[in-house]
Amino acid sequence: MSQAEAVVTKFNWQRAVIKVGSALIAPDGAGCRTEYLLALAQFINASRRQGKELVLVSSGAVAAGRNAMSAEQKPTLAQKQAMAAVGQTRMMANWARLFDFPTAQILLTHGDIRDRDRYLNIKSTIRELLAHQILPIVNENDSVATEELKFGDNDNLGALVALVADADTLIICTDVDGLYDADPRSNPQARLLTSVESVSKEIMALAGGSGSSVGTGGMQTKLQAAQKASANGIQTLIVNGYKAASFDALSKGLVPGTLFSPALSRSGAKKQWLRHSLKAKGKIHIDAGAKQALVQRGASLLPVGVSSVEGQFAAGDAVEVCFENDLLAIGLSLFSASELSKIKGLQSQQLETVLGYAGHEEVVHRDDLVLL
Ligand SMILES: Nc1ncnc2c1ncn2[C@@H]1O[C@H](COP(=O)(O)OP(=O)(O)O)[C@@H](O)[C@H]1O
Ligand SMILES: N[C@@H](CCC(=O)OP(=O)(O)O)C(=O)O
């Protein structure tokens with residue numbers, strides 16, 4: 001399908017994670033530039049003015065720090081980690097120049113996402129930054145990531161961030177127009193696929209590795225990310241970040257590259273995850289006022305509406321939310337059963353005195369709650 005036909009596809013979104021590859025940050029293979037980031041920054045500005053929310057996942061720390069060190073053509077892992085440590089601050093300064101609102105840095109390892117407490121903290125941090133109109137910029141914490149702690153590539157990190165940030169869309173900006181039926185660098189006859197319903201084995205087989213000197217993973221990791229996102233009800237777009245026209249199209253709700261459909265709705269995916277992947281560890285019984293807030297207003301569950309707690313669960317565990325013994329919802333509790341027993345029925349401003357620390361205001365945040 002031609003590029004002209006490609007822009008006919010439309011898409012809707014409200015909260016997106018935009019992943020930017022090293023090639024856009026460091027088009028010369030080292031250092032960082034704003035040349036290819038201006039159109040993206042304009043898109044971010046325009047989208048925010050429309051009330052949409054964005055999180056950036058930015059690669060490029062290693063490339064941005066490359067010039068600061070004398071290293072061989074093929075640096076060792078330790079050298080790359082040192083380059084990332086230098087480059088990360090340079091890259092953040094480069095991003096900050098593009099926006100007249102605050103940006104925030106979040107560096108993650110795989111271990112952070114696997115650890116329940118850290119996972120919840122990352123989730124709350126992103127939520128809070130978005131609520132304050134601050135742009136979170138995420139990268140892998142390259143200086144501390146060892147093999148077993150590594151995401152390895154920022155495409156898969158992008159999919160996980162989309163999940164943690166509760167985004168509906170993942171936009172991967174790279175140096176080609178989207179997914180082709182063969183690597184376009186080596187096959188000039190390759191054709192662009194404008195939409196993909198499901199990331200099947202056949203689709204996976206189309207992807208090759210990275211063609212650039214700074215990229216990691218090539219199209220393979222982008223398809224893995226699209227697969228992960230799709231299974232979690234998140235749509236993925238792969239677009240050419242070098243072209244300002246890509247961002248013009250995105251601003252108009254048009255797809256300038258390849259659109260991967262979600263396998264199910266976001267709420268359906270959440271429900272499946274909460275019901276089947278996570279076994280509920282306990283029950284929270286709520287009063288009539290809380291039931292009304294949850295069902296009619298889609299509100300978060302606050303301690304004031306909790307009447308009793310059943311079972312032993314830790315913060316981050318899945319729990320059932322019940323009203324008069326009817327199962328109403330399932331969600332992730334931000335408090336352990338013992339903490340919740342102490343704060344049930346209390347107003348938000350009383351929590352700190354009882355718990356001895358200022359914690360979450362909600363027991364179950366509405367983003368982590370599915371009505372049944
Ligand atoms: N089927 C394919 N369609 C498009 N690009 C492909 C395909 N197979 C391999 N590639 C390569 O993937 C590269 C993009 O991945 P990568 O270099 O890792 O970029 P980034 O730094 O944006 O993550 C393209 O430049 C292209 O050479
Ligand atoms: N964390 C690394 C990025 C690794 C990576 O996935 O790069 P890319 O393929 O350009 O998205 C860095 O900041 O250099």
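Author: UniProt positions are given here in the numbering of this structure, feature names are shortened, and an annotation may be inferred rather than shown by experiment. The model itself is predicted.

Reader: Which residues does the UniProt annotation "domain: PUA" cover?

Author: According to UniProt, in an unreviewed entry, that annotation covers residues 282-364. In the model, the span is 27% helix and 29% strand, and its end C-alpha atoms lie 13 Å apart.

Reader: In what order do the five strands of the open sheet lie?

Author: The order is 10-9-11-12-13, with mixed pairing. Strand 10 (306-311) and strand 13 (369-371) are at the edges; each has a single partner strand, so one side of each has no neighbour in the sheet. From one strand to the next, the twist averages 25°.

Reader: How many bridges join strand 9 to strand 11, and in which sense do they run?

Author: Strand 9 (residues 282-286) and strand 11 (residues 318-323) run parallel and are joined by four bridges. As an example, His-285 has Cys-322 of strand 11 as its bridge partner.

Reader: Which helices pack on this sheet, and which strands do they touch?

Author: Helix 12 (residues 266-277) packs on the sheet and touches strand 11, strand 12 (326-332) and strand 13. The direction of helix 12 makes about 100° with that of strand 13. Helix 13 (residues 288-297) also packs on the sheet, touching strand 9, strand 11, strand 12 and strand 13. The direction of helix 13 makes about 65° with that of strand 12.

Reader: How many bridges join strand 11 to strand 12?

Author: Six bridges join them, and the two strands run antiparallel. Phe-323 stands opposite Asp-326 in strand 12. The hairpin of these strands has two residues between the strands, and Glu-324 there takes a positive phi near 45°.

Reader: Why do residues three or four places apart in an α-helix point the same way?

Author: An α-helix has 3.6 residues a turn, so residues at that spacing point the same way. For the case here, take helix 12, whose buried residues are Ala-269, Lys-270 and Leu-274. Seen down the axis of helix 12, these buried residues fall within an arc of 125°, so they line one face of the helix. Strand 11, strand 12 and strand 13 are among the elements that cover them.

Reader: What span should the 12 residues of helix 12 have?

Author: At 1.5 Å a residue they should span 16 Å, and the end C-alpha atoms are 15 Å apart, which agrees.

Reader: What is the order of the strands in the open sheet of eight?

Author: The eight strands follow the order 3-4-2-1-5-7-8-6, and the pairing is mixed. Strand 3 (103-108) and strand 6 (195-196) stand at the edges with a single partner strand each, so one side of each is left without a neighbour in the sheet. Strand 1 (residues 15-20) pairs with strand 5 (residues 169-174) in the parallel sense over five bridges. Ala-16 is opposite Thr-169 in strand 5. Helix 5 (residues 77-96) packs on the sheet, where it touches strand 2 (53-58), strand 3 and strand 4. The direction of helix 5 makes about 150° with that of strand 3.

Reader: Where do the side chains of a regular strand go?

Author: They alternate between the two faces of the sheet. In strand 2, Glu-53, Val-55 and Val-57 lie on one side, Leu-54, Leu-56 and Ser-58 on the other, and all are buried. Six of the six residues of strand 2 are buried, so the strand is largely enclosed by the rest of the structure.

Reader: Which strand is joined to strand 2 by six bridges?

Author: Strand 1 is, and the two run parallel. Ile-18 has Leu-56 of strand 2 as its bridge partner. Strand 2 also pairs with strand 4 in the parallel sense, over two bridges, and there Leu-56 has Ile-137 as its bridge partner.

Reader: Which residues does UniProt list under "binding site"?

Author: The unreviewed entry lists Ser-59, Asp-142 and Asn-154. They span 96 residues in sequence, yet no two of their C-alpha atoms are more than 10.9 Å apart, so they gather at one spot.

Reader: Is Asp-142 buried or exposed?

Author: A residue counts as buried if 20 or more other C-beta atoms lie within 10 Å of its own. Asp-142 has 23 and is buried. Asp-142 sits in the loop between strand 4 (135-140) and helix 8 (154-164). Beyond four places in sequence, Asp-142 touches Ala-61, Val-62, Lys-80, Gln-81 and Ala-84.

Reader: Where is Asn-154 found?

Author: Asn-154 is in helix 8. With 27 C-beta neighbours inside 10 Å, Asn-154 counts as buried. Leaving aside neighbours within four places in sequence, the contacts of Asn-154 are Lys-19, Val-57, Ser-59, Asn-139 and Glu-140.

Methods: Residues are numbered from 1 along each chain as its sequence is written. Chains are lettered from A and ligands numbered from 1 in the order in which they are written. This is a predicted model: local features need pLDDT of at least 70, side-chain atom pairs count only at pLDDT 80 or more; totals for chains, interfaces and linings use all residues. Two strands pair if DSSP finds at least two bridges between them. Axes are lines fitted to C-alpha atoms, for helices over the stretch in contact, and angles run from 0 to 180 degrees between N-to-C directions. Two residues are in contact if their C-beta atoms, placed from the backbone, lie within 7 Å. The expected span of a helix is 1.5 Å times one less than its number of residues. A residue is buried if 20 or more other C-beta atoms lie within 10 Å of its own, exposed if 12 or fewer, and partly exposed in between; C-beta atoms are placed from the backbone. The arc is that of the directions from the helix axis to the C-beta atoms.
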